[in-house]
Amino acid sequence: MKFICDGLSLSEAVQKVSKACAVRTTAPVMECIKISTQQEDITLLATDGELSIQKSVKAEILESGEVCVPGKLFADFLTKLTDEEICISTTDKGMEINYRDSGTSMQTIRAEEFPQIDLEIGENSFVMNQGALKKIIAETIFCCAQDDTRPVLKGSLMEFGDKLCMTALDGYRLAFSETEILAKSGEAKLICPARTLVEISRMLTGDDEEITLYSQGGMLLVKSEGTVLVSRLYQGDFIKKENVIPSAFTTTVTFERNELIQSVERAAILIRGDKNNLITLEIGAEGVKVNSVSEIGKVSESVSAGVDGVELSISMNAKFLLDALRALDEEEVVVSLNGAVSPFILQNKKKKESLYLILPVRNAQ
C-alpha cells in the first residue's frame, strides 16, 4: 500500500475515527485503525465492538492495499504533521510515514485480523433536521448514568413515533425532550449509548440540513459527509417516565432563569467538594431564598419568584439543578414541587417540549 495525501485532512479524519478505538483491551487489533485504499481515496475504520466509525479521505493512490495501525499513537503523531504533505507506505516490517526529508516507521497488524463491520443497516429510517437532533441530544445526554450498575441507563431511550422523544436518567434525575421528525419508515424504540450520541452530535455540522438515522437488528447507522457511524444498541427494559414524573403538584414557582442560575452558582462555590453538593431552596409566600452551608461559611440570597401553593424548604444537588437550568432556554422557567422529599420538575414557562426531574436530598443540617 502506498498513497500521498494532505496532512491536515488525514489528521482530522484520523482524530474522528480514533474515538472508536478500544482502550485497555486484550485484543491489540481493537486498538487499531484499519486503512484501506480505494480508487481516489483511503478509508479509515475503527471499532471497539460497540461503536464503529469509518471516514474516507481524498488521496493519490500509488499502490493498493490495507493495513492496521495503532490508532491513538497514529492520531497523536499526525497532529504534528498538519502542515505537511504525507506519503504513507507499507512494507513487510510495518508502515513508513514520510514528510519533507524525514520519515517515521510504525509497527502494524495484518488487516485480516480486523473484525468485519456490517454497514448494510437500513430496515428502519428516520430523517431529522440536524440542528433539532443536535439540540435534543444536548438537552438529555447529561442525565445518562456513568456507572455500570444498570448498563441500560448509560444510554438514552429514543422513541420514534409522531415525534422523536428522548429520555435519559441516572437514578437521581431524569431528562425528557421531544422534537419533530421530517420523515420515517416504521416506528422504533432504541436505547442508544450516550457515547454514541456524543459522536453523532459531533457529526452534525449543518443546522438546516437533514440527516438520516438507520436502525436494524439492534444496530444504528448514521452517515454524514464521508463519515459512517455504526453502533450497537442497548437491550433491556427502560424505566417508563410516566411512572416517575408526577401528574400534579402542590407548589409551583416561576423564576427568571438567569437570576436563579447566578444565585445557585454563587451558593455552590462554598460547598464545592462536599459529598452531596447541597443547596436549599426556602420557598415562601414572599419569595425564595437560595441557601448553602459548609465548614467554610454560608450563602443566603433572595431570588425574585412568583410562588403559587404550599410553602416548603427543599434541598438538592446544586449541579443537578444547574444542569437542568442551563438546558432550558426561555427567560422564565417553572419549578413544580410536591413537598420536601418528593421529586420535582423544571420546564420552560411557555414551550413544554423539555422536562427535567430531580430527586431532592434529605438535609441533615
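Let me begin with terms: two strands are said to pair if DSSP finds at least two bridges between them, and helices (H or I, at least four residues) and strands (E, at least two) are DSSP runs, numbered from the N terminus. This is a predicted model, in which local features need pLDDT of at least 70 and side-chain atom pairs count only at pLDDT 80 or more, while totals for chains, interfaces and linings use all residues. Residues are numbered from 1 along each chain as its sequence is written, and side-chain values use heavy atoms, with hydrogens and water left out.

With that in place, strand β20, residues 278–284, is joined to β24 by six bridges, and the two run antiparallel; within β24, isoleucine 314 is the residue that stands opposite leucine 281. This pair belongs to an open sheet of four strands, in the order β22-β21-β20-β24, with antiparallel pairing. The edges are taken by β22 (298–303) and β24 (312–317), each of which has a single partner strand, so one side of each is left without a neighbour in the sheet. From one strand to the next, the twist averages 20 degrees, where axes are lines fitted to C-alpha atoms, for helices over the stretch in contact, and angles run from 0 to 180 degrees between N-to-C directions.

What lies across these strands? Helix α5, residues 257–269, lies across β20, β21 (287–293) and β22, running at about 170 degrees to β22, whereas helix α6, residues 318–327, lies across β20 and β24, at about 90 degrees to β24. The axes of α5 and α6 come within 10 Å and cross at roughly 155 degrees, which makes α5 roughly antiparallel to α6, a label given to angles over 145. In their contact (heavy atoms within 4.5 Å), the α5 residues include Leu260, Ile261 and Val264, and those of α6 include Leu321, Leu322 and Leu325.

Finally, I turn to strand β25, residues 332–337. Five of its six residues are buried, so β25 is largely enclosed by the rest of the structure, buried meaning under 20% relative accessible area with a 1.4 Å probe, protein chains only. Strand β19, residues 251–256, pairs with β25 in the antiparallel sense over six bridges, and β25 is also joined by four bridges to β26, residues 344–348, again antiparallel. In the hairpin of β25 and β26, which has six residues between the strands, glycine 339 takes a positive phi near 105 degrees.

Key:
Angles under 35 degrees count as roughly parallel, over 145 as roughly antiparallel, 65 to 115 as roughly perpendicular and the rest as oblique. Buried means under 20% relative accessible area, exposed over 50%, partly exposed in between (1.4 Å probe, protein chains only).
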